[in-house]
Amino acid sequence: MVQPSEEIRVLLVENDGGTIQAVKWALEEDERFDFLGYVSSKAQIVDFLDDYVPDVALVDIGLVHPGDGLTATKAEGCFDEWLAVIEL
């Protein structure tokens, strides 16, 4: 569990520039969060996770697994079991 004094590290999986900027701005304005960055494709997730350890991923579910948001993320092996995934 994250202690109150620790920032929550956030990864965004999104390909819409406006959404990326809005989420980035919102997270950077709140000192509880550390916006690690974003990736724009499912293929970039593994490379990102080689370099960073987020606490949570905000995921555009249509981007990760178009057409079937119910079976994406963990079922597809994109994320480890420990990572909290919020599907957008």
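## Helix H1

The face of H1 turned away from its buried side carries Gly-18, Trp-25 and Glu-29, which are exposed. Here exposed means over 50% relative accessible area, buried under 20%, and partly exposed in between, with a 1.4 Å probe and protein chains only. Helices (H or I, at least four residues) and strands (E, at least two) are DSSP runs, numbered from the N terminus. The buried residues of H1 include Ile-20, Val-23 and Leu-27. Seen down the axis of H1, its buried residues fall within an arc of 75°, so they line one face of the helix; the arc is that of the directions from the helix axis to the C-beta atoms. E1, E2 and E3 are among the elements that cover the buried residues of H1.

H1 has 13 residues and spans 18 Å from its first C-alpha to its last, close to the expected 18 Å at 1.5 Å a residue. The expected span is 1.5 Å times one less than the number of residues.

## Basis of the values

The model is predicted: local features need pLDDT of at least 70, side-chain atom pairs count only at pLDDT 80 or more, and totals for chains, interfaces and linings use all residues. Residues are numbered from 1 along each chain as its sequence is written, and side-chain values use heavy atoms, leaving out hydrogens and water.

## Phe-33 in strand E2

Phe-33 lies in strand E2 (residues 33-39) and is partly exposed, at 24% relative accessible area. Leaving aside neighbours within four places in sequence, Phe-33 is in contact (heavy atoms within 4.5 Å) with Glu-7, Ile-8, Val-10 and Leu-27. Phe-33 and Ile-8 are 25 residues apart along the chain, and their C-alpha atoms are separated by 4.7 Å.

## Salt bridges

A search of the whole structure finds three salt bridges, each defined as a side-chain nitrogen of Lys or Arg within 4 Å of a carboxyl oxygen of Asp or Glu. Arg-9 and Asp-55 form one of them, at 2.8 Å from N to O. This pair links distant parts of the chain, 46 residues apart: Arg-9 is in strand E1 (residues 8-13), and Asp-55 is in the loop between helix H2 (42-51) and strand E3 (56-59). Arg-9 is partly exposed at 29%, as is Asp-55 at 21%.

Glu-28 and Lys-24 form a salt bridge at 3.4 Å, N to O. These two residues are four apart in helix H1 (residues 17-29), so about one helical turn separates them. Glu-28 is partly exposed at 48%, and Lys-24 is partly exposed at 27%. Asp-30 pairs with Arg-32 in a salt bridge whose closest N and O atoms are 2.4 Å apart; Arg-32 is exposed, at 54% relative accessibility.
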